Amino acid sequence: MVEFLEFTLEGLSAGMIYAAIALSLVLIWRGTGVLNYAQGAMAMLTSFIALEVIYVSHSYWLGFVVALAAGLVIGGIVERVVIRPVTGKPPLNAVIVTIGLLILIEGLAGLLYGSNDRSFPPAFSINGLSIGSVALGITRNDIFTGVAVLLAAAALAVTFRYTSIGLRLRATAFNARVARLLGVRVGRMLTLGWALAGLLGALAGLLVSPATFLNPNSMDTIFVLGFTAAVIGGLESPAGAVVGGLVLGVVLSYAGGYLGSEVVNLFGLAALLLVLMFRPSGLFSSAQARRV
Amino acid sequence: MSEATLVVAGVTAGYGDAPVLREVSVTAAAGTITAVLGANGAGKTTLLRAIDGSLKLSAGRVVLDGTELSGRRPEEVSRAGVAHVPEGQGVISELTVAENLRLGLLLRPRADRAAALSDIYERFAVLAKRRNLPASTLSGGERQMLVIARALATRPRVLLLDEPSLGLAPKIVSEVLDLIRRLKDEIGLTIVLVEQNARSALAIADTGLVLNLGTVVVTAPAGQLAADEALRRHYLGF
């Protein structure tokens, strides 16, 4: 029973990170109809930026903030420079462009930083918490991870629902032509959507890197799991992305805990395959199937 | 609200290489309704898209009260005071009625928005009742009211209406047309009305324009067009 609780909490903590990646993918998908395969690589790059800042300034939090800002800027630049020219073209063009970007960023990081694992500092202690003598299987840093992702998701939800910029973003995502006719500067909204997604990705990179270590490919698996979470959640729904992330985190944690850690990635990919085969529109959506 | 004259001068435009409109000229005088009539494929909707900036013109100009609109993007044309109510899919059905309206109000100063919204609800009681429901739950007539109300929310000087009566029950059609006439009378809006239903459009219009295969056949006072039996039978089908 204690073991079960431990696996559940571990799973929720990992799931928060998948949720953050999933949310960033959903933001971009809803706004521009593009699946950004470079999302993980962009998060890797901002994590390296954080590491540089932390080395120089000896301040974790300065690195944290700079990485988030870098995510925002890189996301916006990617939309303007790389994605804008392929909008309105066949969807495969955008797929190839983002895969190209993935290879470019990972190659660049390899040139700059080499391929060795770097350790990445956590925000808070990674000593396991316990109640009395019962170990909970989670750390202060895990709690920070959960709170940070939930806060980011809540901030996004509030922005989308209650602010005029959020209304413009949603109108652009739902019906760009009508939004334009009402004077919404759609181009700016698309850039902003990518920037926000870049920020979320950067947050995920900061949160996961203490556990995975940082190297040019360290976000690849996280990206695939984040993508799986997004697909479980239906790819259209921000709430679905968070739930999908948590479900996936817990399932993988049980698999790893009870069956051995080597099956985790296998289970992750199996989950992706099963959802795509049997519920391509996600577990929670009632929408009809669409091409992915 | 100021009255504004919209001038379309020698516009040639289309999709790809083949022009749909050829040297179309029309002047929508301030505070009048101009009905754009013609068969399917005559270029009526294309004319509105040429005005609103969705289509690049290969020749000609669009000018609103001396301000050149041609060459601007749709969001800038709408900011200049031209509201286009597109045919059919104009409602953003995922948003609520209130959100659709708020979207129209975004071009106004923040301080004016609340008052403007209650003005709209006063004029459109049916929308007030449904304000917090998703727009997808509205009937066809209610949707048409919503897109017109939302266009008015932008405080336009020119209103472009594309087939506002399409798919509506006859009783609702007359309500919509009545609303359009009141917008002209009460607010002094300049209205360009594209209609398949020529008879009812001419009944409320000041000027009629008949398009055929992308060129202007005739521009004349609405009453004169309605009285011209040969023209009616040939181009307008009534």
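## Confidence

The predictor assigns the complex an ipTM of 0.85 and a pTM of 0.86. For chain B the average pLDDT is 90, and 99% of the residues score at least 70. Among the elements of chain B, strand β8 (residues 190-194) has the highest mean pLDDT, 95, while helix α10 (residues 229-236) has the lowest, 82. Where pLDDT is low, predicted coordinates should not be read in detail.

## The four-stranded sheet of chain B

One open sheet of chain B contains four strands in the order β2-β1-β4-β5, with antiparallel pairing. Strands β2 (18-28) and β5 (67-68) of chain B each have a single partner strand and stand at the edges, so one side of each is left without a neighbour in the sheet.

Within this sheet, β1(B) and β4(B) pair in the antiparallel sense over six bridges. Ala9(B) has Arg61(B) of β4(B) as its bridge partner. Strand β4 (residues 57-64) of chain B is joined to β5(B) by two bridges, and the two strands run antiparallel. Here Val63(B) stands opposite Glu68(B) in β5(B). The hairpin of β4(B) and β5(B) has two residues between the strands, and Asp65(B) takes a positive phi near 45° in this hairpin.

## The six-stranded sheet of chain B

A further open sheet of chain B has six strands, in the order β6-β7-β8-β3-β9-β10, and its pairing is mixed. Its edges are formed by β6 (82-85) and β10 (215-221) of chain B; each has a single partner strand, so one side of each is left without a neighbour in the sheet. From one strand to the next, the twist averages 15°.

Strand β3 (residues 33-37) of chain B runs parallel to strand β9 (residues 207-212) of chain B, and four bridges join them. In this pairing, Thr34(B) stands opposite Thr207(B) in β9(B).

In soluble globular proteins, nonpolar side chains tend to be buried together. The largest nonpolar core of this model has 89 residues, and Leu248(A) and Leu103(B) have the most contacts inside it. Helix α1 (residues 2-32) of chain A gives the most to this core, with 13 residues. A second, separate core of 50 residues includes Leu37(B), Val97(B), Ala116(B) and Leu117(B).

Beyond residues up to four places away in sequence, Leu103(B) touches Leu167(A), Arg168(A), Ala171(A), Leu182(A) and Val184(A), together with Ile92(B) and Leu95(B).

Glu75(B) lies in helix α2 (residues 74-79) of chain B. This residue counts as buried because its relative accessibility is 2%, under the 20% limit. With residues up to four places away in sequence again left out, Glu75(B) touches Arg180(A), Gly183(A), Val184(A), Arg185(A) and Val186(A).

## Aromatic pairs

Over all chains, the structure holds 13 aromatic pairs. Two of them are listed here.

| Pair | Centre to centre | Angle between planes | Geometry |
|---|---|---|---|
| Phe4(A) and Tyr254(A) | 5.1 Å | 20° | stacked |
| Tyr37(A) and Phe223(A) | 6.2 Å | 55° | tilted |

The pair of Phe4(A), in helix α1 of chain A, and Tyr254(A), in helix α10 (residues 238-259) of chain A, links parts of the chain that are 250 residues apart. Phe4(A) is partly exposed at 37% relative accessibility, and Tyr254(A) is partly exposed at 22%.

Tyr37(A) lies in the loop between α1 and α2 (39-57) of chain A and Phe223(A) in helix α9 (residues 220-232) of chain A, so this pair ties together parts that are 186 residues apart in sequence. Tyr37(A) is partly exposed, with a relative accessible area of 25%, whereas Phe223(A) is buried, with 9%.

Chain A also holds an aromatic cluster formed by Tyr60(A), Trp61(A), Phe64(A), Phe124(A) and Phe144(A).

Definitions and conventions
Residues numbered from 1 in each chain as written. Chains lettered and ligands numbered in written order. Predicted model: local features only at pLDDT ≥ 70, side-chain atom pairs only at ≥ 80, totals over all residues. Heavy atoms only, no water. pLDDT = per-residue confidence, 0-100. Core = buried A, V, L, I, M, F, W, Y, C linked by side-chain atoms within 4.5 Å. Buried < 20%, exposed > 50% of the residue type's maximum accessible area, 1.4 Å probe, protein only. Contact = heavy atoms within 4.5 Å. Pairing = 2+ DSSP bridges. Phe/Tyr/Trp six-rings, centres within 6.5 Å; stacked < 30°, edge-to-face > 60°. Axes fitted to C-alpha atoms, helices over the stretch in contact; angles between N-to-C directions.
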